[in-house]
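Colleague: I would like to go through this model with you. Could we begin with the overall fold and then turn to individual residues?

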Amino acid sequence: MSDIVVYGVPGSPFLRAVQMGLEEKKAVYRLQVMGAGDSKSEAYLKKHPFGRVPAFEQGNFGLYETQAILRYLDDIFPEPPLKPRDAQQAARMNQIIGINDWYFFPKVAAVIVFQRIIGPVLLGIRTDEAAIEAALPMGRTCIAELDRLLGAQQFVAGDHLSIADLMLAPQLDFLAETPEGKSLLGGTQIEAWLVRMNERPSMQATQRPDALRRAA
Ligand SMILES: N[C@@H](CCC(=O)N[C@@H](CS)C(=O)NCC(=O)O)C(=O)O
């Protein structure tokens with residue numbers, strides 16, 4: 001019996017990345033489903049003082065930050081490995097995690113997905129078209145660069161699945177629900193990679209709730 005508990009709001013791409021890591025490792029875990037607003041509760045802020053999801057616990061060991069959780073999972077469940085042994089491929093994986101965390105999620109995916117899906121569908125907020133327009137140049141840069149780094153490889157950091165694939169796929173899959181995401185991805189090698197990623201049982205097992213699968 002596993003003592004791993006993951007806290008998060010279903011549909012969150014960062015939560016999904018951790019779940020995918022656990023699924024790839026065939027690890028047993030429990031998902032503690034949180035509702036909107038729970039991430040700012042006094043109890044949850046003790047687990048994650050920044051009030052974001054996911055948070056992770058294994059017994060009395062608590063951890064947050066998705067890439068740290070995935071690296072830890074890779075250390076305690078060695079098979080299949082999710083970190084390249086080759087130094088250059090490992091550096092590429094780290095670079096792509098950085099692109100995701102610093103450029104792509106906060107400046108592109110979070111903006112467009114919120115304005116097109118989360119705001120209008122879940123919160124009844126009108127789409128701010130100017131915010132989407134402002135995010136598009138960075139979106140083009142991110143997709144062009146991810147496409148260049150992927151090249152003809154099977155996975156973004158080489159021939160094997162890595163933490164970078166697990167972190168990017170849920171973000172891109174969510175963005176692809178929007179017209180802007182479809183247009184940014186259209187005809188790229190990243191689009192074909194996302195199709196391959198979506199065939200993996202780890203993605204199939206961690207689908208977003210129906211309400212978050214509807215394009216605005
Ligand atoms: N750097 C964090 C980012 C996590 C994050 O931003 N999660 C989003 C959901 S995908 C979040 O918590 N948003 C605010 C909220 O849900 O209250 C990580 O890697 O885990």
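This is a predicted model: local features need pLDDT of at least 70, side-chain atom pairs count only at pLDDT 80 or more; totals for chains, interfaces and linings use all residues.

Colleague: Understood. How many helices and strands does the protein chain have?

Modeller: The protein chain has nine helices and four strands. Their order along the sequence is β-α-β-α-β-β-α-α-α-α-α-α-α. The radius of gyration is 17 Å, close to the 17 Å that the globule rule gives for 216 residues, so the chain is as compact as a globular protein of that length.

Colleague: What does the C-alpha trace span along its principal axes?

Modeller: The span is about 45 × 45 × 25 Å.

Colleague: And what percentage of the residues is buried?

Modeller: Buried residues account for 46% of the 216 in the protein chain. As for the surface, the chain exposes about 10,600 Å², and carbon and sulfur atoms supply 55% of that area.

Colleague: Now the contacts. Among those between residues at least 6 apart in sequence, what share joins residues at least 24 apart?

Modeller: That share is 70% in the protein chain.

Colleague: Which residues does Leu-172 contact, leaving aside neighbours within four places in sequence?

Modeller: Leu-172 is in contact with Phe-104, Ile-143, Leu-185, Ile-190, Trp-193 and Leu-194.

Colleague: Val-53 interests me. What kind of peptide bond joins Val-53 and Pro-54?

Modeller: That bond is cis, with omega about 10°. Pro-54 is located in the loop between α2 and β3 (55-58). The bond from Glu-79 to Pro-80 is also cis, and its omega is near -15°. Pro-80 belongs to the loop between α3 and α4.

Colleague: Why remark on such bonds at all?

Modeller: Because most peptide bonds are trans, and most residues other than glycine have a negative phi.

Colleague: Then on phi: what is the value for Lys-26?

Modeller: Phi of Lys-26 is near 55°, which is positive in a residue other than glycine. Lys-26 sits in the loop between α1 and β2. With a relative accessibility of 74%, Lys-26 counts as exposed. Glu-65 likewise has a positive phi, near 85°. The loop between β4 (61-64) and α3 holds Glu-65, and this residue counts as partly exposed at 43% relative accessibility.

Colleague: Where is Lys-40?

Modeller: Lys-40 is in the loop between β2 (30-33) and α2 (42-47). Lys-40 counts as exposed, its relative accessibility being 53%.

Colleague: Which residues does Lys-40 contact beyond its neighbours within four places in sequence?

Modeller: Lys-40 contacts Leu-45 and Gly-51. The C-alpha atoms of Lys-40 and Gly-51 are 5.2 Å apart, while the two residues are eleven apart in sequence.

Colleague: One last region. Is Ala-157 buried or exposed?

Modeller: Ala-157 is buried, at a relative accessible area of 2%. Its place is the loop between α5 and α6. Leaving aside neighbours within four places in sequence, Ala-157 is in contact with Pro-84, Gln-89, Arg-92, Met-93 and Ser-162. Its C-alpha atom is separated by 37 Å from that of Ser-41.

Colleague: And where does Arg-92 lie?

Modeller: Arg-92 lies in helix α4. Arg-92 counts as partly exposed, with 36% relative accessibility. Beyond its neighbours within four places in sequence, Arg-92 contacts Leu-149, Val-156 and Ala-157. The C-alpha atoms of Arg-92 and Ala-211 are separated by 34 Å.

Methods: Residues are numbered from 1 along each chain as its sequence is written. Side-chain values use heavy atoms; hydrogens and water are left out. Helices (H or I, at least four residues) and strands (E, at least two) are DSSP runs, numbered from the N terminus. The radius of gyration is taken over C-alpha atoms; the globule rule is 2.2 Å times the number of residues to the power 0.38. Buried means under 20% relative accessible area, exposed over 50%, partly exposed in between (1.4 Å probe, protein chains only). Contact means heavy atoms within 4.5 Å. Accessible areas come from the Shrake-Rupley method with a 1.4 Å probe; for residues, only the protein chains shown count as cover.
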